[in-house]
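This report goes through a structure for someone who has not seen it before.

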Amino acid sequence: IPYEVTQREWEASRSELLKLLGKLTDEQLHTQFGFPWGDSGTIEDLVEIFTEHEETHAKEIHAIIEKGK
């Protein structure tokens with residue numbers, strides 16, 4: 001998949017996620033629920049987990065790119 005396509009899809013997904021999060025009430029953001037991997041937390045917790053996860057992948061990709069130079 002070309003980088004430009006991946007970037008465009010990522011930006012569209014991020015924009016959609018932000019719109020959806022903006023529609024949630026404070027109560028919804030702070031309600032505990034079970035994550036698919038067995039832990040539990042709130043929407044805020046889930047966003048934080050995924051943010052850290054994506055940052056880890058970004059660092060890995062950056063290292064691969066730098067190694068290939």
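## Exposure along the chain

A residue is called buried under 20% relative accessible area, exposed over 50%, and partly exposed in between (1.4 Å probe, protein chains only). Thr-25 has 41% relative accessibility and therefore counts as partly exposed. Thr-25 sits in the loop between helix 1 and helix 2 (26-30); helices are DSSP runs of H or I with at least four residues, numbered from the N terminus. Between the C-alpha atoms of Thr-25 and Phe-35, which are ten residues apart along the chain, the separation is 19 Å.

This is a predicted model, in which local features need pLDDT of at least 70 and side-chain atom pairs count only at pLDDT 80 or more, while totals for chains, interfaces and linings use all residues. Residues are numbered from 1 along each chain as its sequence is written, and side-chain values use heavy atoms, with hydrogens and water left out.

## Residues of helix 3

Thr-56 belongs to helix 3 and is partly exposed, because its relative accessible area is 42%. From Thr-56 to Gln-28 the distance is 27 Å in space, C-alpha to C-alpha, and 28 residues in sequence.

Lys-67 is also placed in helix 3. Its relative accessibility is 75%, so Lys-67 counts as exposed. Lys-67 and Leu-29 are 40 Å apart in space, C-alpha to C-alpha, and 38 residues apart in sequence.

## A nonpolar patch

Ile-49 is another residue in helix 3, and at 35% relative accessibility it counts as partly exposed. Together with Trp-37 and Phe-50, Ile-49 makes a nonpolar surface patch of about 290 Å². Such a patch joins nonpolar side chains (Val, Leu, Ile, Met, Phe, Trp, Tyr) within 5 Å, from residues with over 30% relative accessible area and no salt bridge; a salt bridge is a side-chain nitrogen of Lys or Arg within 4 Å of a carboxyl oxygen of Asp or Glu.

## The largest pocket

How much space lies in the largest pocket? The volume is about 700 Å³. A pocket is an open set of points on a 1 Å grid where a 1.4 Å probe fits, with protein on both sides within 12 Å along at least five of seven lines; lining residues have an atom within 4 Å of a point.

The lining has 19 residues, and Trp-10, Arg-14, Phe-50, Thr-51 and Glu-54 lie nearest the centre. Helix 1 (3-22) and helix 3 (43-67) are the elements that give two or more residues to this lining. Helix 3 supplies the largest share, ten residues.

How values were computed: Points joined across faces, edges and corners; volume = space filled by probe spheres on them. Patch = residues over 30% accessible without salt bridge, like charges linked within 9 Å, V, L, I, M, F, W, Y side chains within 5 Å. Areas by Shrake-Rupley, 256 points an atom, 1.4 Å probe, with all protein chains shown as cover.
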